[in-house]
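Dear colleague,

Please find below the structure that I am handing over to you. My notes on it follow directly after.

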Protein chains: 2
Amino acid sequence: MQIATVTPLPGQSRYAALADALRARIVAGEWPPGSALAAEQSLAADYGVALGTMRRALDLLAELGLVERVHGRGTFVRLGLGGAPMLRFFRFGHHDGEVPASRILARDTRAAPEPVARALGLGPGEPVLRLERLRSLGAQPVLLEEIWLPLPLFAALAEGDPAGWDDLLYPMFAQRCGVHVARAIDEIGFCAAAAAQAAVLGLPAGHPCARVQRRAFDLGGRCVESRRSLGDAHAFHYTVAIT
Amino acid sequence: MQIATVTPLPGQSRYAALADALRARIVAGEWPPGSALAAEQSLAADYGVALGTMRRALDLLAELGLVERVHGRGTFVRLGLGGAPMLRFFRFGHHDGEVPASRILARDTRAAPEPVARALGLGPGEPVLRLERLRSLGAQPVLLEEIWLPLPLFAALAEGDPAGWDDLLYPMFAQRCGVHVARAIDEIGFCAAAAAQAAVLGLPAGHPCARVQRRAFDLGGRCVESRRSLGDAHAFHYTVAIT
DNA sequence: AAGTGGTCTAGACCACTCT
DNA sequence: GAGTGGTCTAGACCACTTG
């Protein structure tokens with residue numbers, strides 16, 4: 001039974017318009033992360049299009065990373081980034097695959113500094129939560145992070161003892177704040193560690209470090225995190241396929 | 001008129017088998033880089049499959065970077081990597097978009113050292129051409145490269161004056177040696193510059209450097225180049241999208 | 001105007017997953 | 001067995017490029 005319809009913008013294909021429509025419904029929360037969308041057949045009937053056209057729309061959403069298709073089960077809204085995506089940039093000895101333990105060194109609320117406000121898409125001076133976080137493998141500190149989170153959204157993290165927090169932030173963002181990180185952009189650079197930073201990492205002052213500046217986005221494309229991670233440059237290792 | 005046929009391996013789809021068949025014909029040189037394949041309609045008829053199935057096969061080859069589809073013109077075998085793919089990793093002041101001038105510092109023929117032989121997929125001790133190459137922007141040296149090329153293939157580069165060479169190697173590989181670099185894998189790390197390397201780059205000894213270890217492959221998937229590039233770590237800059 | 005790839009349809013059948 | 005996504009077909013029409 002047809003219950004909706006899409007009208008492609010001029011120059012836009014019908015499956016692209018369908019993908020936009022479905023994306024809007026996902027962002028609106030109609031299908032929460034982890035749940036299954038309606039079946040292709042059903043969606044195609046709903047919009048009054050051929051099955052193949054609806055399939056292209058869903059394939060497009062899958063390419064964009066918004067949904068995941070599983071043969072025989074359904075099409076699912078992705079849960080967001082899991083694991084420890086920062087670790088793809090580093091190799092620390094024989095701890096591969098291990099998730100570093102996490103310790104919050106500092107937490108405070110302040111007006112967003114100008115660059116942070118710009119990264120998060122906030123107005124100047126809006127309140128943000130700032131975290132300093134040290135990640136360690138065994139007894140060895142490996143990554144020092146400064147994390148900025150927009151504040152009405154992450155209010156749940158401004159209270160309670162951070163000692164009880166999980167080693168992985170993104171699953172915690174989802175559980176406690178309802179924020180699902182779907183996508184991130186990492187800018188890799190290089191710098192010398194300032195004395196204070198080096199001390200925390202157990203490195204000599206001025207030691208060469210890799211710096212990863214991350215901006216993370218939710219399903220709707222809103223920037224929900226700005227992060228700066230620092231680690232020993234000699235542990236940095238990344239592989240890129242060029243085509 | 002049907003002139004060929006494919007039989008998918010068990011568990012393989014027909015379009016995947018078609019893509020394999022077409023890839024083999026491309027690698028064999030039936031359609032040289034830059035030329036257009038036969039039209040979809042014609043290919044579909046040749047193999048006795050539906051148009052949509054052949055389209056999926058060609059789309060797959062396009063995803064793999066083997067061909068490029070151009071609406072209204074045809075499907076073309078890709079010419080290979082162009083531009084200056086190494087520069088995606090660096091930002092040197094206000095020279096963005098500029099191609100660094102290239103100077104060959106050394107060129108010799110020798111038996112492949114073990115790691116190079118392994119990277120190139122050669123037997124131990126097979127002959128290779130070794131190049132040392134300095135790339136500069138204006139008067140400033142920016143990248144120092146050590147390049148290893150398998151020798152029967154690149155014999156044309158073992159003779160003649162390298163001073164006349166182009167600033168870009170890959171187009172020259174294509175013109176002089178018939179080698180089209182289709183794909184590369186870059187491994188990024190950081191290290192301290194050895195005294196000799198630092199001197200050439202105009203940096204103090206021990207200065208932190210970004211090191212890019214590249215393996216380049218031709219259309220057939222053969223490794224045709226092993227390269228190690230070194231540049232000032234402070235000029236290193238790379239952006240990755242995580243999803 | 002002719003030839004190319006891109007979109008869309010309508011339907012059949014297959015492969016996988018769960019109950 | 002019922003329901004899901006994956007493959008394949010056969011054909012119509014559209015959009016783009018070139019002579």
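How far does a backbone N or O atom of Glu40(A) lie from a phosphate oxygen of DNA strand D? The separation is 3.0 Å in this model, which is a predicted one.

Contacts with DNA strand D

The elements that contribute two or more residues to the surface near DNA strand D come from both protein chains: strand E1 (67-70) and strand E2 (74-77) of chain A, and helix H1 (14-27) and helix H3 (51-63) of chain B. Around DNA strand D there are 20 residues, of which Arg14(B), Tyr15(B), Thr53(B), His71(B) and Arg73(B) come nearest. Sugar or phosphate accounts for 81% of the atoms of DNA strand D within 4 Å of the protein, and bases for the rest. By class, the surface near DNA strand D holds five nonpolar, eight polar and seven charged residues.

Contacts with DNA strand C

DNA strand C is surrounded by 20 residues, and the closest are Arg14(A), Tyr15(A), Thr53(A), His71(A) and Gly72(B).

- A polar backbone atom of Arg14(A) is 2.4 Å from a phosphate oxygen of DNA strand C.
- A polar backbone atom of Ala50(A) is 3.0 Å from a phosphate oxygen of DNA strand C.
- An N or O atom in the side chain of Arg56(A) is 2.9 Å from a phosphate oxygen of DNA strand C.

Two or more residues are given to the surface near DNA strand C by each of helix H1 (14-27) and helix H3 (51-63) of chain A, and strand E1 (67-70) and strand E2 (74-77) of chain B. Of the atoms of DNA strand C within 4 Å of the protein, 81% are in sugar or phosphate and the rest in bases. The residues near DNA strand C divide into five nonpolar, eight polar and seven charged.

The annotated domain

The unreviewed UniProt entry places the feature "domain: HTH gntR-type" at residues 12-80 of chain A. Over residues 12-80, chain A is 51% helix and 12% strand, with 28 Å between the end C-alpha atoms.

Nonpolar cores

In soluble globular proteins, nonpolar side chains tend to be buried together. The largest nonpolar core of this model has 80 residues, and Phe89(A) and Phe89(B) touch the most other members. Beyond its neighbours within four places in sequence, Phe89(B) is in contact with residues of both chains, including Val240(A), Ile242(A), Ile188(B) and Phe236(B). Another core lies apart from this one and has 22 residues, among them Ile26(A), Met54(A), Leu58(A) and Val67(A).

Two individual residues

Gly34(B) sits in the loop between H1 and helix H2 (40-47) of chain B. Gly34(B) counts as partly exposed because its relative accessibility is 38%, between the limits of 20% and 50%. The C-alpha atoms of Gly34(B) and Arg78(B) are 5.8 Å apart, although 44 residues separate them along the chain.

Ser226(A) belongs to strand E8 (residues 223-232) of chain A. At 4% relative accessibility, Ser226(A) counts as buried. Its side chain makes a polar contact of 3.3 Å with the side chain of Gln213(A). Other residues in contact with Ser226(A) include Ala119(A), Glu146(A) and Trp148(A).

Yours sincerely

Conventions. Residues are numbered from 1 along each chain as its sequence is written. Chains are lettered from A and ligands numbered from 1 in the order in which they are written. This is a predicted model: local features need pLDDT of at least 70, side-chain atom pairs count only at pLDDT 80 or more; totals for chains, interfaces and linings use all residues. Side-chain values use heavy atoms; hydrogens and water are left out. UniProt positions are given in the numbering used here, feature names are shortened, and annotations may be inferred rather than shown by experiment. Helices (H or I, at least four residues) and strands (E, at least two) are DSSP runs, numbered from the N terminus. A residue is near a molecule or strand if one of its heavy atoms lies within 4 Å of it. A polar contact is a pair of N or O atoms within 3.5 Å; within protein, one must be able to donate a hydrogen and the other to accept it, and residues adjacent in sequence count only if both atoms are side-chain atoms. Ala, Val, Leu, Ile, Met, Phe, Trp, Tyr, Cys and Pro count as nonpolar, Asp, Glu, Lys and Arg as charged, and the others, Gly among them, as polar. A nonpolar core is a set of buried Ala, Val, Leu, Ile, Met, Phe, Trp, Tyr and Cys residues joined through side-chain atoms within 4.5 Å. Buried means under 20% relative accessible area, exposed over 50%, partly exposed in between (1.4 Å probe, protein chains only). Contact means heavy atoms within 4.5 Å.
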